[in-house]
Amino acid sequence: MSYEVPKKFPTTVVGSYPKLGEASEIIKKRDRNEISEEEFHEKIRGPINEVVKDYLDAGIDIISDGEQSREDMVVYFAQRLKGYNEGDWVRIFDNVYFRKPIIVNKLERVREMIITDWLYTNKISNGRPVKAIITGPYTMLEWSFDLFYGDRKEIIMDFAKIIREELMEAIRNGAKYVQVDEPALSTRPWKEEADLLKEALDYIFKGMDAKRIVHICYGRLERLLPYILDYPVDQFDLEFKNSDFRLLPYLKEYGYNKELGYGVVDVHTLQIESVNEIKEAIDKLMKLGILGPEKVYIDPDCGLKLLPREIAKGKLINMVNATKIARKEY
């Protein structure tokens, strides 16, 4: 079954969704070595089924597996790479913590990490394309302790090699959308940091026959923007709603002309934005006159994993309904 993605304002998700069913318990069993990696991915199919059902019910055009396997966007990969040891608990924000992993040896990919879940999601997506999503090299670098390399560029390029291998495997299996998540970049919005990631992305995306997306959220995006516009990507997926669309005038100032993943619902509030509120957010962008509707992808600010399921789904339903109205107008 094939699905035709709308030419104007395709709707999508950044990646994560609330943990459904027994996903959290399945992750704990794997972490305690009570089940094998193969059994882990087999058992996680139930929660993935539930995620996809919600996406299809809401009418999302380009979906994900909801990252049901990933307790954390860095630890998940660190557990599956050669060269890491488990670290201690570190606070990210509010009451959210993660075990910051420790690099103790040369980093190497020893098995596929996202492919099994991605392939399964494709089988149940009713033809809708499924993003292949992986945490980027800069965020993996920043959110790890290094006790081996002593050289940030060497670390980030080793991550780039690993990420390219993973995404190329997805593309060989038919992936049309590949996304690298880089939330850490906006916390250090300096040219030298942006240039470090650019070199890694040049390597990752070279000759890649798929839609190349980088997701960045929060932080001082307006300070970062001029340093990333020449990245080798087709689309930046950015947060707007949470910061009250502060970034919009800067898009015009810097002549933004790539595709844009436009965050129109706030993933940090339990309030479900109304259809009218989301439509007004789309209007704000269109009034700038810098991008046509065929270059704008409508999505949440970031992953939805911290929200209750009914809130996350409600936000997506209203987002899709607002987008349908916008397609008729623009």
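1. A salt bridge here is a side-chain nitrogen of Lys or Arg within 4 Å of a carboxyl oxygen of Asp or Glu, and by that criterion the structure holds 33 salt bridges. In general terms, side chains of opposite charge can pair when their charged atoms come close. Please keep in mind that this is a predicted model, in which local features need pLDDT of at least 70 and side-chain atom pairs count only at pLDDT 80 or more, while totals for chains, interfaces and linings use all residues. Residues are numbered from 1 along each chain as its sequence is written, and side-chain values use heavy atoms, with hydrogens and water left out.

2. On the overall fold, the protein has twelve helices and eleven strands, where helices (H or I, at least four residues) and strands (E, at least two) are DSSP runs numbered from the N terminus. The radius of gyration of the protein (taken over C-alpha atoms) is 19 Å, close to the 20 Å that the globule rule (2.2 Å times the number of residues to the power 0.38) gives for 330 residues, so the protein is as compact as a globular protein of that length. Along the principal axes, the C-alpha atoms fill a box of roughly 55 × 45 × 40 Å.

3. Of the 330 residues, 57% are buried, a word that stands for under 20% relative accessible area, with exposed meaning over 50% and partly exposed the range in between (1.4 Å probe, protein chains only). Among contacts (heavy atoms within 4.5 Å) with a separation of 6 or more, 77% are between residues 24 or more positions apart.

4. Among the salt bridges, Asp54 pairs with Arg309, the closest N and O atoms being 2.8 Å apart. Asp54 lies in helix H3 (residues 45–58) and Arg309 in helix H12 (residues 309–329), so the pair ties together parts that are 255 residues apart in sequence. Asp54 is buried, with a relative accessible area of 2%, whereas Arg309 counts as partly exposed at 29%. Both residues belong to a network of salt bridges that links Glu50, Lys53, Asp54, Asp57, Arg309 and Lys313.

5. Glu273 and Lys315 also form a salt bridge, with their closest N and O atoms 2.9 Å apart. This pair links distant parts of the chain, 42 residues apart, since Glu273 is in the loop between strand S10 (259–263) and helix H11 (275–286) and Lys315 is in helix H12. Glu273 is buried at 3% relative accessibility, and Lys315 is buried at 0%.

6. Being four residues apart in helix H8 (residues 191–205), Lys198 and Asp202 are separated by about one helical turn. Asp202 is partly exposed, with a relative accessible area of 32%.

7. Arg164, in helix H7 (residues 152–172), deserves a look: Arg164 is buried yet has no salt bridge, and the nearest side chain of opposite charge, Glu165, is 8.4 Å away. A polar atom of the Arg164 side chain lies 2.9 Å from the backbone oxygen of Lys206, and the backbone oxygen of Tyr203 lies 3.5 Å from a polar atom of that side chain.

8. Finally, Tyr297 lies in strand S11 (residues 296–299) and counts as buried at 6% relative accessibility. Not counting residues up to four places away in sequence, Tyr297 touches residues including Pro10, Ile62, Tyr177 and Tyr262.

Conventions:
Lys, Arg positive; Asp, Glu negative; His and termini not counted. Polar contact = N/O pair within 3.5 Å; in protein donor to acceptor, adjacent residues only side chain to side chain.
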